Amino acid sequence: MTALVELSEKTITIDRNEFLKVKGSIDTNVYCVESGSLRVFVLDDYEEQIIRFGYKENLIVSLDSFLTGQPSGFFIQAIKKTVLKVITKQQIDTFLQTETNRILWSKILENLVLQQLEREIDILTNSPKERYQRVLKRSPQLFQEIPNRYIANYLRMSPETLSRLKKS
Amino acid sequence: MQSEILIQSLIEQSRQIINQVEKLKVNDLQFLSWKENPNSWSILECLEHLNLYSEFYSPQMEHLIKNSKTKNEIEFKSGLLGNYFAKSMLPKEKLNKMKTFKDKNPLNANLDKTVIDKFINHQIKFVDLLSQSRNVSLNKVKVETSISSFIKLKLGDTFQFIINHNIRHLKQIERILTERKNA
């Protein structure tokens, strides 16, 4: 992943609550989080649903835009002041011209598919307690980096339920 | 201009507007309510003025987009009047004063910091409308203006008009910030 991040020639900073991306835009960049944290969410009829978080050393991307070049419905917002390395699609395309880099890139994508599968099981798991335990086991760091109310939304439960589960 | 390019540019401008206003939240109520003289607007009054416009246009545009039977068109051609209105909104080098319609004047309304959240929510709605407008014709859908229901603008021009109007008052807010520092 270091090789990928080294492609970046641009660093941007966004302040707390500022948007990196809003619904309907086409953003084909990949971002690597240097510091801070972000949330990726969708909005339907005024209700937010968080899809993913990004914090130190995570990659953040509107994968739909990145793969298709089409608009994406995601919002990406900084939870706190965040510094990001920007890697453009073009830089990645050039990077992928060599065999070794393509193998590396496959590994990154494979990893992402596995993460998505885990997330799918999260969402389909009925018991709030189990949902909480799955995520805690998988990403204990999440609970250090992200405020409770956002984690609760990510886990599809009320903040009260989450704090009760954390205590038990 | 291509419809898609216009939509993308307006979405990006909206994003910048949201981020610019988000930064204002660090200031306290007293600061945000400060005005140079009794007849000028405070920062909150500028934002509330824009909120009043959103409350006029957003529901109407949403209704039109949802119920339109038009199809999206590759090209958008600005209307004569629409183009004029949109351009006239942009602030000139030295901010030119414009007249405000009475029902859109927030002067001395009792405002608090929720005005900022309201503004940002309106912009998020606006971005959503821009996104939805990809399914309809920016040329054929016509929006009634707040001046008169007889004066209608193309949807594409209305979007641009609203954004330019936002930009105008954000410039005014920047000026208030400078005046406040020098006061």
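## Confidence first

A quick word on pLDDT: it is the predictor's confidence in each residue, on a scale from 0 to 100. You'll want it here, since what you're looking at is a predicted model. Within chain B, helix α1 (residues 3–22) of chain B comes out highest, at a mean of 97, while helix α4 (residues 80–89) of chain B is lowest, at 88.

Taken as a whole, chain B has a mean pLDDT of 92, with 97% of its residues at 70 or more.

## One sheet in chain A: β1-β8-β3-β6

Chain A has an open sheet of four strands, ordered β1-β8-β3-β6 and paired antiparallel. At the edges sit β1 and β6 (59–61) of chain A; each has a single partner strand, so one side of each has no neighbour in the sheet. From one strand to the next, the twist averages 35 degrees.

Strand β8 (residues 82–87) of chain A pairs with β1 (residues 10–14) of chain A through five antiparallel bridges. Five bridges also link β8(A) to strand β3 (residues 30–35) of chain A, again antiparallel. A:Val83 in β8(A) is a handy place to look: A:Thr13 stands opposite it, and A:Ser35 stands opposite it too. Further along β8(A), A:Val86 faces A:Lys10.

## Another sheet in chain A: β2-β7-β4-β5

Chain A also holds an open sheet of four strands in the order β2-β7-β4-β5, with antiparallel pairing.

How many bridges join β4 (residues 37–44) of chain A to β5(A)? There are eight, and the two strands run antiparallel. If you want a pair to click on, A:Val40 has A:Arg52 in β5(A) as its bridge partner.

## The nonpolar core

The largest nonpolar core counts 68 residues, and those with the most contacts inside it are A:Leu38, A:Ile76, B:Leu47 and B:Leu130. Helix α3 (residues 43–67) of chain B supplies the largest share of this core, with eight residues.

What does A:Leu38 touch, leaving out residues up to four places away in sequence? Its contacts include A:Leu20, A:Val33, A:Phe53 and A:Ile60. Among the others are A:Ile76, A:Ala78, A:Ile79 and A:Thr82.

## Where the chains meet

Chain A brings 11 residues to the contact and chain B brings 14. On the side of chain A that touches chain B, five of the residues are nonpolar, three are polar and three are charged.

## A glycine in a loop

A:Gly73 lies in the loop between α2 (63–68) and β7 (75–78) of chain A. Is A:Gly73 buried or partly exposed? It has 17 other C-beta atoms within 10 Å, which means it counts as partly exposed; buried would take 20 or more.

Sequence distance doesn't tell the whole story here. A:Gly73 and A:Gly24 are 49 residues apart along the chain, yet their C-alpha atoms are 5.2 Å apart in space. Residues up to four places away aside, A:Gly73 touches A:Lys23 and A:Val42.

Methods: Residues are numbered from 1 along each chain as its sequence is written. Chains are lettered from A and ligands numbered from 1 in the order in which they are written. This is a predicted model: local features need pLDDT of at least 70, side-chain atom pairs count only at pLDDT 80 or more; totals for chains, interfaces and linings use all residues. A nonpolar core is a set of buried Ala, Val, Leu, Ile, Met, Phe, Trp, Tyr and Cys residues joined through C-beta atoms within 7 Å. A residue is buried if 20 or more other C-beta atoms lie within 10 Å of its own, exposed if 12 or fewer, and partly exposed in between; C-beta atoms are placed from the backbone. Two residues are in contact if their C-beta atoms, placed from the backbone, lie within 7 Å. Two strands pair if DSSP finds at least two bridges between them. Ala, Val, Leu, Ile, Met, Phe, Trp, Tyr, Cys and Pro count as nonpolar, Asp, Glu, Lys and Arg as charged, and the others, Gly among them, as polar. Axes are lines fitted to C-alpha atoms, for helices over the stretch in contact, and angles run from 0 to 180 degrees between N-to-C directions.
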